[in-house]
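Open the structure in your viewer and keep the selection tool at hand. The stops below are meant to be taken in order.

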Amino acid sequence: MGLILCKIHGESGLIPYVSNAIYARFKDASQKSQPIDIAVVNILLKIEENYSIEQKYYFTKEEFDFFTLKNRYTIQTDEDEGSLNTIMKDKFHPMCVKCFNNSMTETGHANLL
């Protein structure tokens, strides 16, 4: 994925698929401990017939419903990828993976990691 220079953890892994709303909630100390409903969208990228990669995209439940997202997408063609990119465009903010994991655990969502 990549690396990020985190103010808390220093050089750390990067999770790119955290929605802007989740990022804002986790970074705002006054909201960090507030309950939040999180929805996970699983993306299966079929690279070759016998090889695929699965990625998790994290949204608030409100975003998930507002954007009428599905729980799972399978990307097999360039057309599939283009359609998904249109849906997902400008909805994410990268985050330190350690900060994200800590925030998910603190809000009771460790099971979604």
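**Stop one: a tyrosine side chain**

Select Tyr58 and Leu112: a polar atom of the Tyr58 side chain lies 3.1 Å from the backbone oxygen of Leu112. That is a polar contact (a pair of N or O atoms within 3.5 Å; within protein, one must be able to donate a hydrogen and the other to accept it, and residues adjacent in sequence count only if both atoms are side-chain atoms). The model is predicted, with local features needing pLDDT of at least 70 and side-chain atom pairs pLDDT 80 or more, while totals for chains, interfaces and linings use all residues. Residues are numbered from 1 along each chain as its sequence is written, and side-chain values use heavy atoms, leaving out hydrogens and water.

Tyr58 lies in strand S4. Helices (H or I, at least four residues) and strands (E, at least two) are DSSP runs, numbered from the N terminus. Is Tyr58 buried or exposed? Its relative accessible area is 4%, so Tyr58 is buried (under 20%; exposed is over 50%, partly exposed in between; 1.4 Å probe, protein chains only).

**Stop two: helix H1**

Select residues 20-27, helix H1, and pick out its buried residues, Ile22, Arg25 and Phe26. They sit on the same side of H1 because they cover an arc of only 95° around the axis, taken from the directions from the helix axis to the C-beta atoms. They pack against strands S3 (38-48), S4 (51-60) and S6 (95-96), and against helix H4 (97-106); contact means heavy atoms within 4.5 Å.

**Stop three: helix H4**

In H4, colour the buried residues Cys99, Phe100, Ser103 and Met104. Their arc of only 130° around the axis puts them on the same side of H4. Their packing partners include strands S1 (3-6) and S2 (10-15). Finish at Gly108, which follows H4 and has a positive phi, near 80°.
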